[in-house]
Amino acid sequence: MTRVLRYFLLFALLFVGAGIVLAQDGPAIRGLHKVKRKETIFGISRMYEITIDELIEANPEMRMPDFELKKGMEIKIPFSKHSAQPQQVNQSQQVTQSHQTEVAPQTAKKEDDDVRNRAIRLGVMLPLHDINGDGKRMVEYYRGVLMACDSLKKMGISVDVHAWNTPDDADIRPVLLDDAATRCDLIIGPLYSKQMDVLSEFVKYYDIRLLIPFSINAPQLTTNRNIFQVWQSPTEINEATINHFMERFKDYHPVIIDCNDSTSRKGNFTSGLRRQLELHNIEYKVTNLKSTEDAFFKSFSTTKRNVVILNTGRSQELGIAFSKLNGMKVKYPELEITMFGYTDWLMYTSRYLENLYKFDTYIPSVFYYNPLSPATQRLQQKYRRNFRADMPSQLPRFALTGFDHAYFFLRGLHKYGKTFNGAAGMFGYPPVQTPLQFERYGNGGLRNRAFLFVHYKPDHLVETIRF
């Protein structure tokens with residue numbers, strides 16, 4: 001069967017308060033609902049199979065800018081305008097009677113078909129505009145998503161794409177009233193934490209997979225099994241880095257260099273590393289970037305390979321450290337030195353590439369942009385043809401991130417359907433830039449645990465070591 005890729009870009013900047021008019025006598029009321037903890041207007045409307053507009057029409061105070069749904073509050077539940085209405089009764093009498101019992105919620109209904117046998121329906125809910133950096137980066141990401149859809153089309157996998165512009169000041173609820181949103185198999189978004197409450201309930205109600213691509217606070221992950229979160233917190237990355245360092249460099253002699261950078265944020269890593277070294281009875285030395293040549297040398301071992309760690313990620317201090325190490329190697333060529341760095345260093349590779357190779361450098365990261373990779377070069381050429389521009393030079397490349405995310409999830413859904421959970425080994429996909437590997441978070445959703453070392457080898461090759 002011929003499969004067709006259709007792109008629909010629907011920029012919906014809608015607000016609940018617009019265009020709502022109350023009837024003179026108000027809507028017919030079914031009963032009252034007593035608000036429970038963490039319930040939202042959207043969730044309650046879906047619970048009783050009414051629209052948000054209908055719920056607000058019955059409770060006009062919800063249109064007030066400072067309205068806040070609170071636990072214990074009683075709100076009116078109207079009959080849906082799309083269902084049979086009761087005969088007209090005295091509204092005050094009906095409300096009084098409804099105090100005796102709460103309205104029973106109804107069960108969600110969703111088309112139960114197999115995504116493996118049809119086009120995958122993808123929704124993108126991100127700020128897609130050119131007003132500020134958020135919008136421009138997300139447009140870049142979205143372009144990568146579209147390129148992934150195009151690549152999958154050539155494999156016989158068709159995708160229907162719907163995209164909605166959801167900027168920081170947008171109310172996402174009207175977007176979710178779109179029938180196209182309710183029919184999605186996968187939604188990518190949001191970018192802002194404040195949109196998570198309503199979107200989490202929405203995907204749970206309609207059994208939609210939600211991919212959160214970037215760094216937002218999403219406590220809903222702990223309870224909603226439909227959520228995938230790519231972003232890993234600095235604490236998680238720090239812990240993973242220390243654990244993998246201890247395993248790979250357990251037979252090395254660590255040398256920590258104080259770089260006198262009062263603005264550095266690497267103290268959590270170096271202090272955590274030192275604690276682990278001490279717990280494992282591994283001897284290490286601390287020296288200073290301003291130390292004399294002799295004092296600097298005394299921190300290094302002449303019998304074991306040294307692994308050098310700076311306590312800053314800044315370029316200037318890295319350059320000075322390389323100068324001192326090069327000077328020491330001239331005087332003591334027998335010294336074996338490996339550098340262990342930070343993701344920040346990936347931005348300085350053009351400046352320090354030869355030194356990265358020379359000192360056998362390892363850089364921990366959750367991505368790796370390799371401009372020499374044939375896959376990277378093909379996608380950059382395709383991007384140039386499709387969008388008549390080059391990818392912006394920031395790291396990571398957002399278009400490549402969007403490509404990896406969309407390709408991974410859409411191919412997974414096509415192969416496994418709703419059972420796809422993003423675990424390691426489900427299918428062989430070598431990422432262009434951003435590896436993905438998900439694990440279940442308790443009884444909730446799934447978190448990305450992919451992590452790698454980018455290794456600049458003395459033979460001028462670069463390898464990525466995935467964990």
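Good morning. The model is a predicted one, in which local features need pLDDT of at least 70 and side-chain atom pairs count only at pLDDT 80 or more, while totals for chains, interfaces and linings use all residues. Residues are numbered from 1 along each chain as its sequence is written, and side-chain values use heavy atoms, leaving out hydrogens and water.

I begin with the overall picture. The protein has 14 helices and 17 strands; these are DSSP runs, numbered from the N terminus, with helices being H or I of at least four residues and strands being E of at least two. Of its 467 residues, 52% are buried. Buried means under 20% relative accessible area, exposed over 50%, and partly exposed in between, with a 1.4 Å probe and protein chains only. Contact means heavy atoms within 4.5 Å. Among contacts between residues at least 6 apart in sequence, 71% join residues at least 24 apart.

I turn now to the interior. In soluble globular proteins, nonpolar side chains tend to be buried together. A nonpolar core is here a set of buried Ala, Val, Leu, Ile, Met, Phe, Trp, Tyr and Cys residues joined through side-chain atoms within 4.5 Å. The largest such core holds 51 residues, of which F300, I309, M328, F340 and W345 touch the most other members. Helix 11, residues 315–331, supplies the largest share of this core, with five residues. Apart from it lies another core of 49 residues, including C149 and F403. C149 is buried, at a relative accessible area of 0%.

Which residues does F300 contact, beyond its neighbours within four places in sequence? They are H253, V255, N306, V308, L325, M328, L335 and I337.

Finally, the aromatic rings. There are 35 aromatic pairs in the structure. Rings of Phe, Tyr and Trp (its six-membered ring) pair if their centres lie within 6.5 Å; planes under 30 degrees apart count as stacked, over 60 as edge-to-face and the rest as tilted. F322 and Y352 form a tilted pair, 5.7 Å centre to centre with 50 degrees between the planes. Because F322 lies in helix 11 and Y352 in helix 12 (residues 349–358), this pair ties together parts that are 30 residues apart in sequence. F322 and Y352 are both buried. By contrast, F408 and F409 have ring centres 5.4 Å apart and planes at 75 degrees, so that pair is edge-to-face. F408 and F409 are buried as well.

Thank you for your attention.
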